[in-house]
Amino acid sequence: MVYGTWETLHIPWSRHVDPKRRYDRFFAMATKERLTARRIEPLSALVERWRPETHTFHFLCVECTVTLEDVAVQLGLPIDGSPITGVYSFTDPTALCYQLLGESPEDGDKYFFGIKFIWLKAKIGQLSAIATEGELMCAARAYIMHMIGAVLMPDANGDSVHLSYLPLLAYLSTARSYSWGSIVLATLYRELCRATEPHIKDIGGCLILLQSWALY
């Protein structure tokens with residue numbers, strides 16, 4: 001299998017994708033990510049060439065894909081270490097948030113499983129110049145949770161992050177021991193596979209990684 005970047009392929013993507021279908025399917029994506037028109041078209045064309053059965057992009061003369069090495073080099077995320085699999089079980093989401101974030105976004109709901117980005121931003125913005133070490137750690141976890149849900153592994157909804165990632169940040173000194181790069185790549189693969197379905201009009205996953213890989 002040959003691996004390469006978009007520019008090294010020298011294939012004019014616009015010839016093979018219907019422009020109307022391209023913009024109709026990814027208008028929501030462009031609005032959410034605030035992408036320029038120059039960046040929307042290559043991403044849409046990449047989706048058109050994605051093959052779920054092989055997790056690769058099929059072009060006229062080459063087959064290529066985003067690899068773990070790309071994730072490590074372009075995002076700086078660890079690709080070794082403990083795997084992040086499944087959903088971590090917790091019986092009391094409110095208690096978990098109080099323990100690791102200092103407060104809970106849903107005090108009246110004992111069964112919530114996501115944290116809104118707007119709440120996380122407000123939590124980070126409340127940090128004062130005389131914050132204690134505990135408050136700094138809570139703000140750091142809120143910032144990382146926002147990065148996970150908004151940049152590294154966003155879903156199609158694009159307004160919240162799943163609570164299951166929070167226990168991984170209980171001890172920030174060991175958070176890097178997890179293979180974050182692997183789950184970011186797996187999430188991108190899953191979203192690319194989902195986006196190939198005809199009725200899907202949006203896409204999640206780390207689009208910054210896909211843009212960087214395609215353009216550079």
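**Notes on the salt bridges, sheet and surface**

1. Let me start with Glu103: its relative accessibility is 26%, so it counts as partly exposed. Bear in mind throughout that this is a predicted model. Glu103 pairs with Lys123 in a salt bridge, with 3.3 Å between the closest N and O atoms. Glu103 sits in the loop between helix H5 (93–101) and strand S4 (114–116), while Lys123 belongs to helix H6 (residues 117–125), so the pair ties together parts that are 20 residues apart in sequence. Lys123 comes out as buried, at 13% relative accessibility.

2. The count of salt bridges comes to 4. Another one of them links the side chains of Glu191 and Arg194, at 3.0 Å from N to O. These two are 3 residues apart in helix H8 (residues 180–195), so about one helical turn separates them. Glu191 is buried, because 5% relative accessibility falls under the 20% cut-off. Arg194, at 22%, counts as partly exposed.

3. Arg194 has a further partner: its side chain also meets that of Asp202 in a salt bridge of 3.1 Å, N to O. Asp202 is partly exposed, its relative accessible area being 24%.

4. Now the sheet. It's an open one, built from 3 strands in the order S1-S2-S3, with antiparallel pairing. Strands S1 (50–51) and S3 (63–64) are at the edges with a single partner strand each, so one side of each has no neighbour in the sheet. Between S1 and strand S2 (residues 56–58) there are 2 bridges, in the antiparallel sense. If you want a residue pair to look at, Trp50 has Phe57 in S2 as its bridge partner.

5. Which residues make the nonpolar surface patch of about 230 Å²? They are Leu127, Leu136 and Met137. Met137 is in helix H7 (residues 133–152), and its 32% relative accessibility puts it in the partly exposed class.

6. Last, have a look at Ser160, which is in strand S5 (residues 160–162). Its side chain makes a polar contact of 3.4 Å with the side chain of Asp159. Leaving aside residues up to four places away in sequence, Ser160 touches Ile115, Lys116 and Phe117.

Key
Residues numbered from 1 in each chain as written. Predicted model: local features only at pLDDT ≥ 70, side-chain atom pairs only at ≥ 80, totals over all residues. Heavy atoms only, no water. Pairing = 2+ DSSP bridges. Helix = DSSP H or I, 4+ residues; strand = E, 2+ residues; numbered from the N terminus. Patch = residues over 30% accessible without salt bridge, like charges linked within 9 Å, V, L, I, M, F, W, Y side chains within 5 Å. Areas by Shrake-Rupley, 256 points an atom, 1.4 Å probe, with all protein chains shown as cover. Buried < 20%, exposed > 50% of the residue type's maximum accessible area, 1.4 Å probe, protein only. Polar contact = N/O pair within 3.5 Å; in protein donor to acceptor, adjacent residues only side chain to side chain. Contact = heavy atoms within 4.5 Å.
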